[in-house]
Amino acid sequence: MPRRKRSTRWEETKPPTAAADFSASWKAAANMEFEEIDKWFYTYADGSSGLIEPDGVLHLCSDLEIDYTDVRILLLAWKMQAKKQGFFTLEEWRKGIKDLNVDTIERLKQTITKLVDEVKHYSTMLLDFYTYAFKYNLTEFSEKSVDKETCCTLLENILGSKFQSQIAKLIQYLMCQTEYKALNMDQWLGVYRFCQEISFPDCSNYGEEDAWPVILDDFVQMVKTTSIGAI
């Protein structure tokens, strides 16, 4: 009976494939990229919590030469999909920096400045950012509404330049009336839809039967019957 041929060492070891080489190279490059992103993150992060906390966000704003209330820091949070206001996790930072494709503070400054105009011109992006901004300002998980003062600031920063007349009068109305102390998501999205769809200031195509939030029914009624300065 013939003997079974013993495998030699070189027969047992398969040479690496091109796909394996590419995968290893890609992983090494990705790890190196994340190392640089992580290093940047830790220039702002708190040493004990491992998070970028409010002081770190202020430091970042200073490097970007913008105010903490500037819409560009909110755009950055949106790109990161940050969940808690005033805090950025490492994973959120990685996501935002990679999505924006930046590697220096100067490039980040330029990119988020361009993003301001880009968001205004694409309605799907604007709606997504507008919706995110409301959720981001819910300070507690169980909260369903945002106070009217914060809403007015957000409206001015996000929609003010695109819908100047509507937003200016709506802000005046919200700050003068006393019935509504805060807005919920339905009301917030209703404002966006109102700005996009309704002829202003005549509001001729506004119909209460179209299931608008009551706060907008009240606003339109006021616009049609009295001057905003008389509220």
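This is a predicted model: local features need pLDDT of at least 70, side-chain atom pairs count only at pLDDT 80 or more; totals for chains, interfaces and linings use all residues.
How much space lies in the largest pocket?

1. The largest pocket. About 310 Å³ of space lies in the largest pocket, and 17 residues line it. Those that lie nearest its centre are Y68, T69, L74, Q85 and N137. If you look for the elements that give two or more residues to this lining, you will find α4, which covers residues 71-80, and α8.

2. Helices α7 and α8. Two packed helices are described by the angle between their axes and by the distance between those axes. For helix α7 (residues 123-136) and helix α8 (residues 148-158), the axes come within 11 Å and cross at roughly 160°. Angles over 145 degrees count as roughly antiparallel, and therefore α7 is roughly antiparallel to α8. The crossing in which α7 passes α8 is right-handed. On the α7 side the contact is made by L126, F129, Y130, A133 and F134, while α8 brings C151, L154, L155 and I158. The residues of this contact between α7 and α8 comprise nine nonpolar ones, with no polar and no charged residues.

3. Helices α9 and α11. Helix α9 (residues 164-176) packs with helix α11 (residues 214-225) at an angle of about 105°, and their axes are 11 Å apart. Angles of 65 to 115 degrees count as roughly perpendicular, so α9 is roughly perpendicular to α11. The residues that make the contact are Q166, K169, L170, Y173 and L174 from α9, together with I215, D218, F219 and M222 from α11. Here the residues of the contact of α9 with α11 divide into six nonpolar, one polar and two charged.

4. Two backbone details. Most residues other than glycine have a negative phi, and most peptide bonds are trans. Against that background, which residue has a positive phi although it is not a glycine? This is E65, with a phi of about 60°, and E65 is placed in the loop between α3 (54-64) and α4. P201 is found in the loop between α10 (185-197) and α11.

Methods
Residues are numbered from 1 along each chain as its sequence is written. Side-chain values use heavy atoms; hydrogens and water are left out. Axes are lines fitted to C-alpha atoms, for helices over the stretch in contact, and angles run from 0 to 180 degrees between N-to-C directions. Helices (H or I, at least four residues) and strands (E, at least two) are DSSP runs, numbered from the N terminus. Angles under 35 degrees count as roughly parallel, over 145 as roughly antiparallel, 65 to 115 as roughly perpendicular and the rest as oblique. A crossing is left-handed if the near helix is turned anticlockwise from the far one by less than a right angle, and right-handed if clockwise. Contact means heavy atoms within 4.5 Å. Ala, Val, Leu, Ile, Met, Phe, Trp, Tyr, Cys and Pro count as nonpolar, Asp, Glu, Lys and Arg as charged, and the others, Gly among them, as polar. On a 1 Å grid over the protein atoms alone, a cavity is a set of points where a 1.4 Å probe fits but cannot get out, and a pocket is an open set with protein on both sides within 12 Å along at least five of seven lines; lining residues have an atom within 4 Å of a point. Grid points are joined across faces, edges and corners, and a volume is the space filled by probe spheres set on the points.
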